[in-house]
Structures are given as structure tokens and as C-alpha cells.
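Have the viewer open and follow along point by point.

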Amino acid sequence: MISNIIFDMDGTLWDSSENVAESWNEAVSGISDKRFTAADIQSVMGLPMDKIAERFFTDETEETRRKILERCCEGENDYLRAHGGGIYPDTAPTLAELSKTCRLFIVSNCQAGYIEAFLGYYGLGEFIADHLCWGDNGLQKEENIRLIMQRNSIENALYVGDTQTDCDSTYAAGAKFAFAAYGFGSADRFDCKLDRLSELLEIVKNL
């Protein structure tokens, strides 16, 4: 039985793309003509934030991209702390039930404060033992999965994600991969596939 589960955020626990797009439009108002849709945000979910800035602000210098990104991320965190995002219906009850027998973690390529905004708005912090993201240390997902396993003395973990990057990062870090098929992406291999997050409740008993 798996007793340590690490979750991706976007496309796995929630879909915040609509609210993120709204917050970014507010943040760039007056400094850029760029306007974002939920589809725009979904198209880059899972990428590190610096790569997202490169994708969206290709005509700007690296320094300008950094400043715009900082403004967008700060505005995004504030917006999500106040409004939340599109949490999937079975996320909260599934985390609550899993936490009775498993240690739960989050590793994401998001900015610092994003995971905290999610946990704070929905009151889920009590179920998450530890979390890491690109914004905490600038490390790629593979490295942060490995790091969270090391600092929590985890030898056997299941990572739950919805993209090929999640898949590749998981296996590179030495963990098992659960593909969240209801999310934003695809994966060419996995140890198990989920059509709903709640399916984990039975799956972890047999891994």
C-alpha cells in the first residue's frame, strides 16, 4: 500500500485558469496590451513561471518579463486568496479521507504563495504535510519531488499529475505516477490512471 502521495496542483486538484486569467488581466492593465483567457492559462499550466513569461511576453526583454511576471504573480496570489479557484468537487473529501492513512504533499511549478492561497481558501492545510514549488527555490519539478521525498524520509511515493512533464519528472525522481486523465494534458505511461481523484481511495490500497 502506498502511504505517501504527492499532488500536482493545476489540472489535478483544481482548475484556477479562469480566475488566474482575470487576475493577470488586472495586473497588466496599463503596462501591456496583452489580455488573457482561461484557455491561454490552461495552455501553459505545468510550466515553470519563467517559461510562462517567455511564452506570453516574447517581445519584452528578460528584465521586463521578470517585472511583469512578479506583478502578475503577486496579483494572482492576492486574487486567489480572496476568491479561490475552480476546485474539483471531490478534492476536499478525497484529501480528508486519504490523510487518515497516508501522508499528503504538494509539488508544483507555480510561484511562491500559490499553494498557500489554495490551502488557505479551502481550509485544506491540515491535510498537507509539506509542499514545494518552483517559486520556493527555482528548481524543476523532478528536483522538487526528489527534495520533498528526501526531507520527509520517503522511499516509496505516488505522484498524481496530469501532464507529460509530470510523468517524466515523477519517474526521473524515482516515484510512481498516477495520471489524472481529467486534467489538462496527456501522459505516455503511468502506474495507474484516474478519471476522478476519488478513485485514489481504492487504488492506493493495491500499489
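1. In which sense do S7 and strand S8 (residues 192-194) pair, and over how many bridges? Please keep in mind that this is a predicted model. The pairing of S7 with S8 is parallel and runs over three bridges. If you want a place to look, find Ala180, which stands opposite Leu194 in S8.

2. Now step back to the whole chain. Its secondary structure consists of 10 helices and eight strands. With a radius of gyration of 17 Å, close to the 17 Å from the globule rule for 207 residues, the chain is as compact as a globular protein of that length. Along the principal axes, the C-alpha atoms fill a box of roughly 55 × 30 × 30 Å.

3. Of the 207 residues, 50% are buried. Among contacts with a separation of 6 or more, 63% are between residues 24 or more positions apart. The accessible surface is about 9,200 Å², and carbon and sulfur atoms contribute 45% of it.

4. Next, the sheet. Six strands make up an open, parallel sheet, in the order S5-S4-S1-S6-S7-S8. Strand S5 (128-133) and S8 are the edge strands; each has a single partner strand, so one side of each has no neighbour in the sheet. On average, neighbouring strands are turned by 25° against each other, direction ignored.

5. Look next at the strands around S6. Strand S1 (residues 4-7) runs parallel to S6, and three bridges join them. Here Phe7 stands opposite Val160 in S6. H9 packs on the sheet, where it touches S6 and S7, and its direction makes about 170° with that of S7.

6. Strand S6 (residues 158-161) also pairs with S7, in the parallel sense and over four bridges. Val160 stands opposite Ala178 in S7. To get from S6 to S7, the chain passes through helix H9 (residues 164-173), and this β-α-β crossover is right-handed.

7. Is Asp166 buried or exposed? Its relative accessible area is 1%, so Asp166 is buried. Leaving aside neighbours within four places in sequence, Asp166 is in contact with Asp8, Lys141, Tyr159, Gly161 and Phe177.

Conventions
Residues are numbered from 1 along each chain as its sequence is written. This is a predicted model: local features need pLDDT of at least 70, side-chain atom pairs count only at pLDDT 80 or more; totals for chains, interfaces and linings use all residues. Side-chain values use heavy atoms; hydrogens and water are left out. Two strands pair if DSSP finds at least two bridges between them. Helices (H or I, at least four residues) and strands (E, at least two) are DSSP runs, numbered from the N terminus. A crossover is right-handed if, with the strands pointing away from the viewer, the path from the first strand over the helix to the second runs clockwise. The radius of gyration is taken over C-alpha atoms; the globule rule is 2.2 Å times the number of residues to the power 0.38. Buried means under 20% relative accessible area, exposed over 50%, partly exposed in between (1.4 Å probe, protein chains only). Contact means heavy atoms within 4.5 Å. Accessible areas come from the Shrake-Rupley method with a 1.4 Å probe; for residues, only the protein chains shown count as cover. Axes are lines fitted to C-alpha atoms, for helices over the stretch in contact, and angles run from 0 to 180 degrees between N-to-C directions.
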